[in-house]
Amino acid sequence: MKPIRVLVIDDEGVICDACRMVLSEKGYGVDHCLTGTAGLLAVESGAYDVVLLDMKLPDIDGSEVLKAVRNKTSAPCVIVMTGYSTMSNAINAMKLGAADYLPKPFTDDELLAAIEKTCAHR
Amino acid sequence: MTSPTRFENYFFVFRDIIRSMHSSTNLKEVLDVVVTKSAAVLNAKGSLLRILNKKTNQFEVRAACGLGERYLSKGPVTTEKLVADPSEFHKVKIINDIWHAPRIEYPQQAWDEGIRMIVDVPLSIKDQMIGLIRIYLAQAREFSRDELDFIITVAEQCACIIERVQLMENQQAQFSHLATQMEKLSSLGRMAAGVAHEINNPLTGVLLYSSNMRKKVPPGGYLEESLNIIIRETQRCKKIIQGLLEFARDGQPQKVLSNINDVIENALSIVSNQFRLRFVQVEKNLTEDMEKTLLDISQIEQVFVNLLLNSLHAVNENGRVTVHSVVNRAQNRVEVEVADNGCGISPEAIEKIFDPFYSTRTDGVGLGLSVSYGIIQNHQGDIQVFSEPGCYTRFKIALPILL
Amino acid sequence: MMSFFTTSTANIEPPPHILVMEDDRSIAMGLEMILSEEGYDVNLANTGELALEAFKQKRFDLLVADLRLPGIDGMEVIKQVKKDTPETEVIVITGYGTTSKAVEAIKLGVHDFLPKPFTEDQIKTAIGEALKVHAKTSAETVVPKPETEEEKLIQKREVLAVLGRTAEDAHFWIDLMEHGSLALADYHLSSEAKAAIASGDLKWINENVGELTQKQLMFIYKRLEREAW
């Protein structure tokens, strides 16, 4: 069976690597991008099932990336991560079509649970 | 046209002084009018106006007319000679003998200027002499009753004006100080939010790697235990940051029906470390039949943390702090008292204790109690303080039972 | 809030039905006032249990839900409502808002999450938007004629629900009598089924639903009587 492919979009290399380590151990295929533009390009080309998106990116606002990804045909599910979690941020992200909302910092189990739940609903 | 009478002249001077006060925001301009016009009306050679500088305790020249540079450069007159006798504060002093009058510092220079007589008119407000108008005459002469009345009235007017200006300057200074403090604090708040957010990112790396590693080490061993500690402490950081972010955010209370004893317990656990370090005990007496009421938990917790820390700093090692909660059913409210047997608060300080930026500690900003006061107000409650210096301090909070 | 009825079968849309599930009396009454003024038909429930009861009796376009309730938790009620009548839109109002609750609610399909205090404009806007979405999704769902056993069972259930309601809800009876199929907009029924009920097609009912009691068929008989007139 084809492995589920996850794209991590976060400007912090450490976080991208940590997510890759945790997810690939469980059999997910993982790629990462450090900017919003790179992320959008990647989503365009590859067939990703899930996108793990940081809301604060150096080039584009996370919510713009979220909107753009969700607008695509057969759009991947997007799980939003953020270091600055407020209720209104959460509501906005969910309304824009996020599948889940992960405030930083999170444990490996929390990350895996979010991905599993999201994929189950696809 | 007949030349104006003396009284008409007096009237014109008063009018000019008042007018200049209205049109000018500059005190100097008003004082200039006072000295020039009053000298003119009295046919004096010149006049000098001094105001007491409270910091240096000297009467400094603030306006002058008709006198030479050499005389003016002589410097201020010291206070003792002028304020020795308070009964003189509202009386005009006529000095005919300028050589032997104790309050005339430089008789030689005055004589050389052509001065033969000096009239001192004190500027006083209530029991304090705040300044002096000194009138210099080229000829000794008698002063009529109405001339004296005139000059006393000018002095009274002038004193009033000076007092008001000084008051305004004071307010202005206080206000700027407050504004700067507020600016500093609000930017601190914004900065805190930014910093908190920035810390969450590296924490993510730590938490992910450590939680992942924990699964790869032998279970039950030293490595697993150590990693558990790392994970736990990282999650504790997360909570602290969340608390900080909530504080930085604008405090619209989010009220939930809660038991205030639980909030008190939380506050106690937050400060427990600091209390332990200083060997101070907390005695808690929280009533078992507490009624729930609408509270913004984090805000009320803030209030108790503030009061407890204040108590902690008031007592010595081995001091005692007590927390007592009851339900006052007769008045339908919940009452909590935080008391200590510490240094207490002086009667003067107690007046200001809830004012923003009032602090008796060098490391304090002085906001804790004023913010607490605001929070209690937002809960329709009230907070009172009772204290005896050297003995005790008690803060009593009362919150209505709202559902 | 049914104001006028004409004997013609003109296309008068019934006003949206809103259930306000809120235990704070002042807020509940305030909302009732505001929403009635907007022309909505409003019912109140001050516990989760009462809200669920109300949903058994009546079809609601929108549920305005507080999360903190005595008895069942508001979130549980929302889960149940979304399961039974997924087309009902939900707006959460709460003084007890946390990020995770907000996320959980929206994952359940809640349309908006309004922390208290909110202004009149905020709630009106939120409700307006939710109802727009509701209207759109209702219009889009055309129910085909049932083929499978399960679909037939659903049809039977829906028809019985409609008939049961006519016995208990006078407003609904009148609505159905006057406006025919339009009154059945919220029901998961094919147009053929709706037409059958609305016109009192006893034969269709016997064929597709089965033999029913006199009580259940009261509406049908009355409808046929009207035809005879």
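Analyst: Start with I123(C). Setting aside its neighbours within four places in sequence, I123(C) is in contact with I34(C), L114(C) and F118(C). Keep in mind that this is a predicted model. The residue sits in helix α5 of chain C, which covers residues 120-140. Is I123(C) buried, exposed or partly exposed? It is partly exposed, because 19 other C-beta atoms lie within 10 Å, and a buried residue needs 20 or more. I91(C) is 32 residues away along the chain, and the two C-alpha atoms are 9.1 Å apart.

Now the chain around it. Chain C has ten helices and five strands. It runs to 229 residues, of which 31% are buried. Take the contacts in chain C with a separation of 6 or more: 62% of them join residues 24 or more positions apart.

Move to chain B and its helix α8, residues 260-277. How far apart should the ends of this helix be? At 1.5 Å a residue, its 18 residues should span 26 Å, and the end C-alpha atoms are 26 Å apart, so expectation and model agree. The helix also has a kink of about 50°, centred on V271(B). V271(B) is itself one of the buried residues of α8(B). An α-helix has 3.6 residues a turn, so residues three or four places apart point the same way. What covers these buried residues? The cover includes the strands β7 (256-258), β8 (281-286), β9 (293-295), β10 (320-328) and β11 (333-340) of chain B. Helix α9 (297-314) of chain B is also part of it.

Past the end of α8(B) comes F279(B), with a positive phi near 55°. F279(B) lies in the loop between α8 and β8 of chain B. It is not a glycine. Is F279(B) buried or exposed? It counts as exposed, because it has 10 C-beta neighbours inside 10 Å, and the cut-off for exposed is 12 or fewer.

K126(B) has a phi near 50°, and it is not a glycine either. This lysine is in the loop between β5 (117-125) and β6 (128-137) of chain B. K126(B) counts as exposed, because 8 C-beta neighbours lie inside 10 Å. Most residues other than glycine have a negative phi, and most peptide bonds are trans.

That last point leads to chain A. Which residues does a cis peptide bond join there? They are K104(A) and P105(A), with omega at about -5°. P105(A) lies in the loop between β5 (100-103) and α5 of chain A.

Helix α5 of chain A pairs with α1(A). Their axes come within 10 Å and cross at roughly 65°. The crossing is right-handed. From α1(A), the residues in this contact are C19(A), V22(A) and L23(A). From α5(A), they are D108(A), L111(A), L112(A) and I115(A). By class, that is six nonpolar residues, no polar ones and one charged.

Both helices return at the contact between chains A and B. How many residues does each chain give? Chain A gives 15 and chain B gives 14. On the chain A side, the elements that supply two or more residues are α1 (13-25) and α5 (108-121). α1(A) gives the most, with six. The chain A side divides into nine nonpolar, two polar and four charged residues.

Finish with chain A as a whole. It has five helices and five strands. From the N terminus, the order of elements is β-α-β-α-β-α-β-α-β-α. Of its 122 residues, 46% count as buried. For contacts in chain A with a separation of 6 or more, 57% are between residues 24 or more positions apart.

Back to the starting point. I123(C) belongs to α5 of chain C.

Notes:
Residues are numbered from 1 along each chain as its sequence is written. Chains are lettered from A and ligands numbered from 1 in the order in which they are written. This is a predicted model: local features need pLDDT of at least 70, side-chain atom pairs count only at pLDDT 80 or more; totals for chains, interfaces and linings use all residues. Two residues are in contact if their C-beta atoms, placed from the backbone, lie within 7 Å. Helices (H or I, at least four residues) and strands (E, at least two) are DSSP runs, numbered from the N terminus. Ala, Val, Leu, Ile, Met, Phe, Trp, Tyr, Cys and Pro count as nonpolar, Asp, Glu, Lys and Arg as charged, and the others, Gly among them, as polar. Axes are lines fitted to C-alpha atoms, for helices over the stretch in contact, and angles run from 0 to 180 degrees between N-to-C directions. A crossing is left-handed if the near helix is turned anticlockwise from the far one by less than a right angle, and right-handed if clockwise. The expected span of a helix is 1.5 Å times one less than its number of residues. The bend at a residue is the angle between axes fitted to the seven residues ending there and the seven starting there.
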